[in-house]
Amino acid sequence: MSEGELDGLDVTACERCPALVECRSRIVNGVGPADADLLFVGEAPGQYEDEQGEPFVGRSGDVLDDGLRDAGLDRGDVRITNCVRCRPPDNRDPTDEELSNCRGYIETEIDRVDPEVVVTLGKVPAEHLLERDVAVTGEAGDVVEAELGSERRRVLICVHPAATLYDPSQRDTFASTLERAADFTDETSGQSRIGDF
Ligand code: URA
């Protein structure tokens, strides 16, 4: 297995997952400030993310951006990344092995960004980072602790933005979870919310 190469927060080369290397156009690294208070973690890039080289730029990204704005946050003020940085074929879920191959990268990103809270978007990142089964709909909005990288971290469980498209009853849960995330920026850092201006 070849070693991956890291430049700061970016993986610049990695060939650990043959099926993903075959499918990807590029490695999709996290975006946003390297010292963000909020670090949002999704599952893996989809088609648009693979094409544009940025997480959450497709339909899910529009929902996330709208939700952030409604919560008084701006996409440019938060960091957004994925558990797996290469697009899986046919948008399938990443395998356990692929998640595990990428684990060191997300842990390094969490360590270096040192966010106030890690927000998991959907079931795959919640279960991967918490290392347990998660009933996301029931646990959305909960803040729990997990050993991530070199520290114990706060993790806020959130439904995947796309869930609000398939199931409109998830919209309130999504909105209130993002409100909760925004509270961490207010309480802990004094980072301004858009509505304050
Ligand atoms: N869904 C994810 O989990 N990640 C993305 O980057 C886009 C959609």
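This is a predicted model: local features need pLDDT of at least 70, side-chain atom pairs count only at pLDDT 80 or more; totals for chains, interfaces and linings use all residues.
Biologist: In what order do the five strands of the open sheet stand?
Modeller: Strands are DSSP runs of E with at least two residues, helices are runs of H or I with at least four, and both are numbered from the N terminus. Two strands pair if DSSP finds at least two bridges between them. The pairing here is mixed, and the order is β4-β3-β5-β7-β6.

Biologist: Which are the edge strands?
Modeller: An edge strand of this sheet pairs on one side only. That holds for β4 and for β6 (143-148). The twist from one strand to the next averages 35 degrees. The edge strands are β4 and β6.

Biologist: What angle does helix α5 make with β5?
Modeller: Helix α5 (residues 123-130) packs on the sheet and touches β3, β5, β6 and β7; contact means heavy atoms within 4.5 Å. Axes are lines fitted to C-alpha atoms, for helices over the stretch in contact, and angles run from 0 to 180 degrees between N-to-C directions. Against β5, the helix direction makes about 135 degrees.

Biologist: Why is strand β3 largely enclosed by the rest of the structure?
Modeller: Buried means under 20% relative accessible area, exposed over 50%, and partly exposed in between, with a 1.4 Å probe and protein chains only. Leu38, Phe40 and Gly42 point one way from β3, Leu39 and Val41 the other way, and all are buried. β3 (residues 38-42) is largely enclosed because the buried residues number five of the five.

Biologist: Which residue of β5 stands opposite Phe40?
Modeller: β3 and β5 (residues 117-121) pair in the parallel sense over four bridges. Within β5, Val118 is the bridge partner of Leu39. Opposite Phe40 stands Val119.

Biologist: How many residues of β5 are buried?
Modeller: Val117, Val119 and Leu121 point one way from β5, and Val118 and Thr120 the other. Both sets are buried. β5 is therefore largely enclosed by the rest of the structure, its buried count being five of the five.

Biologist: Which residue of β7 stands opposite Val119?
Modeller: β5 and β7 (residues 151-158) run parallel, with four bridges between them. Val118 stands opposite Val155 in β7. For Val119, the residue opposite is Leu156.

Biologist: How far is a nitrogen atom of the ligand from the side chain of His160?
Modeller: The residues surrounding the ligand include Gly42, Glu43, Phe56 and His160; a residue is near a molecule or strand if one of its heavy atoms lies within 4 Å of it. A ligand oxygen lies 2.8 Å from a backbone N or O atom of Glu43, and an oxygen of the ligand is 3.0 Å from a polar backbone atom of Phe56. From a nitrogen of the ligand to a side-chain N or O atom of His160 is 3.2 Å.

Biologist: What share of the ligand's area does the protein bury?
Modeller: Taken alone, the ligand exposes 230 Å². Accessible areas come from the Shrake-Rupley method with a 1.4 Å probe. The protein buries 91%.

Biologist: What is phi of Phe56?
Modeller: Phe56 sits in the loop between α2 (47-52) and α3 (59-70). Phe56 is buried, at 5% relative accessible area. Most residues other than glycine have a negative phi. In Phe56 phi is positive, near 50 degrees.

Biologist: Is Asn91 buried, partly exposed or exposed, and what is its relative accessible area?
Modeller: Asn91 lies in the loop between β4 and α4 (96-113). Phi of Asn91 is positive, near 55 degrees. Asn91 is partly exposed, with a relative accessible area of 45%.

Note on methods:
Residues are numbered from 1 along each chain as its sequence is written. Side-chain values use heavy atoms; hydrogens and water are left out. A polar contact is a pair of N or O atoms within 3.5 Å; within protein, one must be able to donate a hydrogen and the other to accept it, and residues adjacent in sequence count only if both atoms are side-chain atoms.
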